[in-house]
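Subject: Structure handover

Hello,

Here is the structure I said I would pass on. Please open it beside this email and follow along.

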Amino acid sequence: KDGKAEWQPYEAKAEQGVRIVPLDKIFGGNNRAAYMKAVIRSDKAQAVLFEAGSDDGIKVWLNGGVIHANNAMRPLKPAEDTFKGKLNVGDNVLLCKIIQHTGGWAACVRIRSADGGDALGVSVAGVSE
């Protein structure tokens, strides 16, 4: 509101093995956007594969650079979008903008190894201002 943003911690609960952030339950409303931010810690520099689902559009930054954008109008489907990124050693900032048109509003992101397996040496540290 009024050009000001306030970060609020949120821990998504697993739903059928996927952690979904229900933005419609947190914020509600139509024709708006919300940002999700997490710090990803990696014990080595490595290429990774991201799997994201969003209702509706999504734009993703990793360490300040855009790595994905899909201005879609769709229901949430986990892993509908896949895209590559490169993690640095230590902390990496992942920022997602989720656009809401009408109806449902939610998102999820999963980090995989570059070949689609489990990402090793990677953890999510949480929100960092």
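Below are the notes on what was found in it.

This is a predicted model, in which local features need pLDDT of at least 70 and side-chain atom pairs count only at pLDDT 80 or more, while totals for chains, interfaces and linings use all residues. Residues are numbered from 1 along each chain as its sequence is written, and side-chain values use heavy atoms, with hydrogens and water left out.

Strands first. A strand here is a DSSP run of E with at least two residues, numbered from the N terminus, and two strands pair if DSSP finds at least two bridges between them. Strand β8 (residues 90-100) runs antiparallel to β3 (residues 32-42), and 11 bridges join them. Strand β5 (residues 58-62) also pairs with β8 in the antiparallel sense, over 5 bridges. Lys97 of β8 stands opposite Tyr35 and is also the bridge partner of Lys59.

An open sheet is formed by 3 strands in the order β7-β4-β9, with antiparallel pairing. Strands β7 and β9 are at the edges and have a single partner strand each, so one side of each has no neighbour in the sheet. Between β4 and β7 there are 7 bridges, and Glu51 has Thr82 in β7 as its bridge partner. Contact means heavy atoms within 4.5 Å; apart from neighbours within four places in sequence, Thr82 is in contact with Leu49, Phe50 and Glu51.

Next, the core. A nonpolar core is a set of buried Ala, Val, Leu, Ile, Met, Phe, Trp, Tyr and Cys residues joined through side-chain atoms within 4.5 Å, where buried means under 20% relative accessible area, with a 1.4 Å probe and protein chains only. The largest such core has 21 residues, and Phe50, Leu94 and Ile98 have the most contacts inside it. At least two of its residues come from each of β3, β4 (46-55), β5, β7 (81-87), β8 and β9 (106-113).

Last, the cysteines. Cys96 counts as buried because its relative accessibility is 2%, and Cys108 counts as buried at 6%.

Regards

Methods:
Helix = DSSP H or I, 4+ residues; strand = E, 2+ residues; numbered from the N terminus. Buried < 20%, exposed > 50% of the residue type's maximum accessible area, 1.4 Å probe, protein only.
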